[in-house]
Amino acid sequence: MSTPIIIAKKTTDTTQDIVLHSKFANRHGLIAGATGTGKTVTLKVLAESFSRLGIPVFLADAKGDVSSLAKAGSSSPKFEERLNLLKVDSVAFAASPVIFWDLFGQQGHPIRTTISEIGPLLLARMLNLNDTQEGVLSAVFRIADDQGLLLIDFKDLKSMLSYVSAHTSELKAEYGNLSPASIGAIQRNLLALGDQGGEQFFGEPSLNILDFIQTDSNGHGYINILAADKLMNTPKLYATFLLWMLSELFEQLPEVGDMDKPKLVFFFDEAHLLFDNASPALQQKIEQVVRLIRSKGIGIYFITQNPLDLPESVLGQLGNRIQHALRAFTPKDQKAVKTAADTFRANPDFKVDQAITELAVGEALISCLDEQGTPQIVERGWVMPPYSSFNPITVEERQVIIAQSIVAGIYDQAVDRDSAYEMLQNKVAEREQQKQQAELEKQQLKEQEAAEKQQLKEQERLAREQQRAEEKAAQQRAKMTQDIVGTFAKSAARSLGGSSGQKIVRGLLGSLFGK
């Protein structure tokens, strides 16, 4: 059964309530108005009301003051004055159950996702890439998928970009022209994003988006508060991160149709950041998520200063609207006032465009869907006071809540498992090892060839020495023979030279000559 949520009391008759029906809370909404007109209090009133109905809430705390939802309020003269105006006797001050989150892990539980989960389209938005560079980034993701390389954290993507840059000629045939200039631009923008703290957003354990949809022991929905004061310094990271969460909710939650109350209400503060410089493809994705996510039981409430910050295609899907004061000092301001007035169903009792400029702090023009889902005529009313404190909690109080959180210890320690960086490092190490092995084998082959050559030379030297030795021996034998013959001849000559020799000679001669 749908439950009416009292948002405000009519300005003309504070006994009459202005309500938002829980059944249509997933038809999205808008909280708009100039700075200091009461948007934050309206946000707190809605968040507390949803929480008490058992509806979890997610919202960003851009200034740190929304942390006061975790602390019960207290009375003051100004507060009592507002109660008297609203003809409310008292307020049951109470804190809401909260979970603090922080992309940087300083003021809440860290939120991480992987490079693969966020995908090339949203990452290109973060990196402010043009169409050509976005196409190259998509190809890098495809190459990683085809080669089984997990893209989890920053160093994985940087390693993958370096790998693709070094192998563009090999990859060109299958993945097209991967311009070194585009890869260089992606690397530079990635470095800049890392310097802004974006590096901490990527890693594991990755956020389970369903952890946002929880209730406490009293059946109250947890209010998930994202510390966004530092994150606002990097608006693209902030906007893309929130869009990623919406996309995750859209993809993971089943279709539920109409419900008595939403599963989760998502407040998107500084909503203009979501649409600034968004590519046509990204804007189409945003519009699709906004249009279809209500069927998953999710309500989105955009918070901005000016309704003109939202495209008409999105503005037309917002069924519940709360407009605080706008100032019309310039022609542009006057156009914004007229646009805001035209988005409401007119009330014959007052001129809407004139009322917008006259609203006091805490007063708003409100139009919600009635019990049949039809936009009500716009009413002027005083927003109800919150149950929580107006003062932010202290650092010590925040740390106590973080330590006692239902998700304490789940996301606090980063995990670095083997992914593209380690895999590519291993590939490099293997290639280096193979190169070293090849060099070693080449060196060994050269040494073997040198040894064989040296051995051959040694064998040739030994053969030559042996040949020379044999020749020398032969010469020595020949000489020895000559020496022996000569010696014998000389000895014989000496013998013949003696008397005996002479007799022999004479005898011989005498025989020859007949003497």
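This is a predicted model: local features need pLDDT of at least 70, side-chain atom pairs count only at pLDDT 80 or more; totals for chains, interfaces and linings use all residues.
Is Leu30 buried or exposed, and what is its relative accessible area?

Leu30 has a relative accessible area of 4%. The cut-off for buried is under 20%, so Leu30 counts as buried. This leucine is found in strand E3, residues 29-32. Setting aside neighbours within four places in sequence, Leu30 is in contact with a list of residues that includes Tyr301, Phe302, Thr304, Pro307 and Leu310. Leu315, Leu318, Asn320, Arg321 and Ile322 are also among its contacts.

Phe268 takes us to strand E8. Five of the five residues in E8, residues 264-268, are buried, so this strand is largely enclosed by the rest of the structure. In a regular strand, side chains alternate between the two faces of the sheet. Here both faces are covered: on one side sit Leu264, Phe266 and Phe268, on the other Val265 and Phe267, and all of them are buried.

Now the neighbours of E8. Strand E4, residues 57-61, pairs with E8 in the parallel sense over two bridges. Phe58 has Phe266 as its bridge partner in E8. Strand E9, residues 298-304, also pairs with E8 in the parallel sense, over five bridges. There, Phe267 stands opposite Tyr301 of E9. Tyr301 has come up already, as one of the contacts of Leu30.

Next, the sheet as a whole. It is an open sheet of 12 strands, in the order E2-E1-E12-E11-E10-E3-E9-E8-E4-E7-E5-E6, and the pairing is mixed. The edge strands are E2, residues 17-21, and E6, residues 109-110, each pairing on one side only. Lys9 stands opposite Trp382 in E12. Helix H2 packs on the sheet and touches E1 and E12, and its direction makes about 145 degrees with that of E12.

How much space lies in the largest pocket? About 980 Å³. Of the 38 residues that line it, the closest to its centre are Gly38, Thr40, Val41, Val361 and Phe390. Helix H1 (39-52), helix H2 (77-86) and E9 are the elements that give two or more residues to this lining. H1 has the largest share, with six residues. By class, the lining has 13 nonpolar, 15 polar and 10 charged residues.

The second largest pocket has a volume of about 260 Å³. It is lined by 16 residues, of which Ile5, Ile6, Ser49, Met384 and Tyr387 are the closest to its centre. Strand E1 (4-10) and H1 each supply at least two lining residues, and the largest share, four residues, comes from H1. The classes here are 11 nonpolar, three polar and two charged residues.

Last, Ser389. It lies in the loop between strand E12 (379-383) and helix H14 (395-403). Ser389 is buried, at a relative accessible area of 8%. Again leaving aside neighbours within four places in sequence, Ser389 is in contact with Lys44, Ser68, Lys71, Ala72 and Gly73.

Definitions and conventions. Residues are numbered from 1 along each chain as its sequence is written. Side-chain values use heavy atoms; hydrogens and water are left out. Buried means under 20% relative accessible area, exposed over 50%, partly exposed in between (1.4 Å probe, protein chains only). Two strands pair if DSSP finds at least two bridges between them. Contact means heavy atoms within 4.5 Å. On a 1 Å grid over the protein atoms alone, a cavity is a set of points where a 1.4 Å probe fits but cannot get out, and a pocket is an open set with protein on both sides within 12 Å along at least five of seven lines; lining residues have an atom within 4 Å of a point. Grid points are joined across faces, edges and corners, and a volume is the space filled by probe spheres set on the points. Ala, Val, Leu, Ile, Met, Phe, Trp, Tyr, Cys and Pro count as nonpolar, Asp, Glu, Lys and Arg as charged, and the others, Gly among them, as polar. Axes are lines fitted to C-alpha atoms, for helices over the stretch in contact, and angles run from 0 to 180 degrees between N-to-C directions.
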